[in-house]
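Colleague: Hi, could you walk me through this one? I'd like to start with the metal site.

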Amino acid sequence: MTTTSRDASDAIIGQQRSLLDALPFADTRDFDDAKRGLVARRQPNAVTADNGRVVWDNDTYAFIQGDAPDTVNPSLWRQSALVAMDGLFEVVPGLYQVRGMDLSNISFVEGDTGVIVIDPLISSETAAAALALYREHRGDRPVAGVIYSHSHVDHFGGIKGVTSQEDVDAGRVPVLAPEGFVEHAVSENVYAGTAMGRRAGYMYGAALPRNPQGAVGAGLGQTTSTGTVTLIPPTLEITTTGQEEVLDGVRIVFQMAPDTEAPSEMLFYFPDLKALCAAEDATHNLHNLLTLRGAVVRDPHVWAKYLTETIDLFGGQAEVIFASHHWPTWGADQVVGFLSLQRDLYAYLHDQTVRMLNKGLTGSEIAEELTLPPVLENAWNTRGYYGSVSHNVKAIYQRYLGWFDGIPAHLWEHTPVEKAKRYVDLGGGADALVENGQAAFDSGDYRWAAEVLSHVVFAEPDHKAGRALLADTYEQLGYGSENGTWRNFYLSGAYELRNGQFGTPTVAASADMVAQLSPAMLFDAMAVQVNGLAAWDEKLSIDVVLTDADERYRLRLANGVLTYSAAAQSGDADVTVTTSLRGLPALVLGGAPTPERLAEAGIEIAGDDSVLGRLTAVLDPGDQDFAIITP
Ligand SMILES: [Zn+2]
């Protein structure tokens, strides 16, 4: 892309300059906080897997220094400069963080004999490198416990880089997590995982070069590491606000915060350190209520309520707040001030969106109209680097009212391709639309240019001038975006228009996560792969006997749907497969369940084994390379 990237247009340069005047760039306290307590940096900071593949390289962001180039929104540039700072930092004596070694932070709390690890990153390789950096400067302390703050992969995936299943099984390393952790950790990426993975490639800019015309960071963190994702289930689930546990002599008080940033999440306070871990519910940006990769909409209303409770529980006591992204904030008053702004941000977005939707405004209208009060607009920690006011407001509308805005014309629209063809006809042909798009581009109205030119590309995907100008348009929209994930989405669109599809660079499902799927989740994952049309006339039944769980399921395929039941069934199924809980995933995942492959996985088959072939024939797995910017 470097060869075809354009410079920023005059319109974008003008926008960047006016932001420099509008935002409080003279307020540099965040830089003081992000640098505070630096013990050492890991140099060079690339992390490789066993086979030598680089899974993380923070040094590739070394270009983010000094004034923002014209091709990067200066507010995002500032955030990226902060987020890209890496190293081992002392938060308070006894509490350390390694930052800049993955999308998230890993934290270390020193106990009587060892060290407690909080949120061991995405990959075992980055987590191991972070622990090694900590030990190099703080001594060879054994890991005495692990805490997962919530069920997202950037907070548990690296656990086998800091401990082992054997140490956990032997009771040497307790693993604490909020109630419901395992179910949510493994389920989020199961059903819609293929689509989310492809879109996450756009969101994190995984295919983009790292330079001022490409990826500069995702706002929450620079990007995701691409090493080995592991999972060890917790040995102790935290269930109650106020619950207190002692790990290696360290007292910890927990606050449950389910259905906030993650369905299973908790905050926790270390009374002896006067340090509060905010998990991911209060970070130095506006977070996502609906991530661009796609997810179930989060609830800003309970999010704000829990932050009020956090202030009530720990405000005045906590002298520092830290989280698993970004840098800490020190000072009892500053902690309350920070939490209050974060709380007010989510509450304001929620309440104002609901107020306006009750006046009949639609999501896109509220997104244009809603303005934050000056205090929230000018606090750096409330700006939309990861979530944005625009897409969060639409998410709140969606949460309450759904996709339909109530306008009958939108109830039964043509598909994007059919609409595009008609717009091209209406406008007098594709060339005429490109001309109109060019005029919009020249006037700096990139939003309209994108609308018009996207119709050209959907109607005539091979229209060279249309594709080229749409790529240029997406690029300028990317250059202007304050939000890191918007920038990545626009620039990834430009990249694919110019260079072809990059598929799904990072696949989240790992063997450890698959091993934790319940039988019901596995059967559901299979059911959503059934090609209904192809299966209309198919009828078959399979009994699944789990030897080590004393469970038995009857799977039925009929009328194009695969259903299952754990209740006692009359009569025999067409075929019976007998396996263990551990062996079950081989039946469902990893390709066609051929008798040979199943035998290899230790799965026994009795009855008509041709049934498995008939089932395979109607399975239609997702496409990791589906088109996004073209039909
Ligand atoms: Zn996270």
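Modeller: Happy to. A word on terms: buried means under 20% relative accessible area, exposed over 50%, and partly exposed in between (1.4 Å probe, protein chains only). This is a predicted model, where local features need pLDDT of at least 70, side-chain atom pairs count only at pLDDT 80 or more, and totals for chains, interfaces and linings use all residues. Residues are numbered from 1 along each chain as its sequence is written, and side-chain values use heavy atoms, with hydrogens and water left out.

Colleague: Great. Are Asp154 and His155 buried or exposed?

Modeller: Both Asp154 and His155 are buried.

Colleague: And which residues are the protein donors of the zinc ion?

Modeller: Asp154 (OD), His155 (NE2), Glu280 (OE) and His325 (NE2), at 2.0 to 2.1 Å from the zinc ion. Donors are N, O and S atoms within 2.8 Å of the metal (3.2 Å for Na, K and Ca); water is not among the atoms, so sites may look incomplete.

Colleague: How are the donor residues spaced in sequence?

Modeller: The pattern is D-H-x124-E-x44-H.

Colleague: Switching topic, which residues of H4 are buried?

Modeller: Among them are Ser124, Glu125, Leu131 and Tyr134. Helices (H or I, at least four residues) and strands (E, at least two) are DSSP runs, numbered from the N terminus.

Colleague: What follows H4?

Modeller: Gly139, with a positive phi near 90°.

Colleague: What about the sheet, what's its strand order?

Modeller: E11-E12-E13-E14-E15-E16, an open sheet of 6 strands with mixed pairing. Two strands pair if DSSP finds at least two bridges between them. The edge strands are E11 (244-247) and E16 (329-330).
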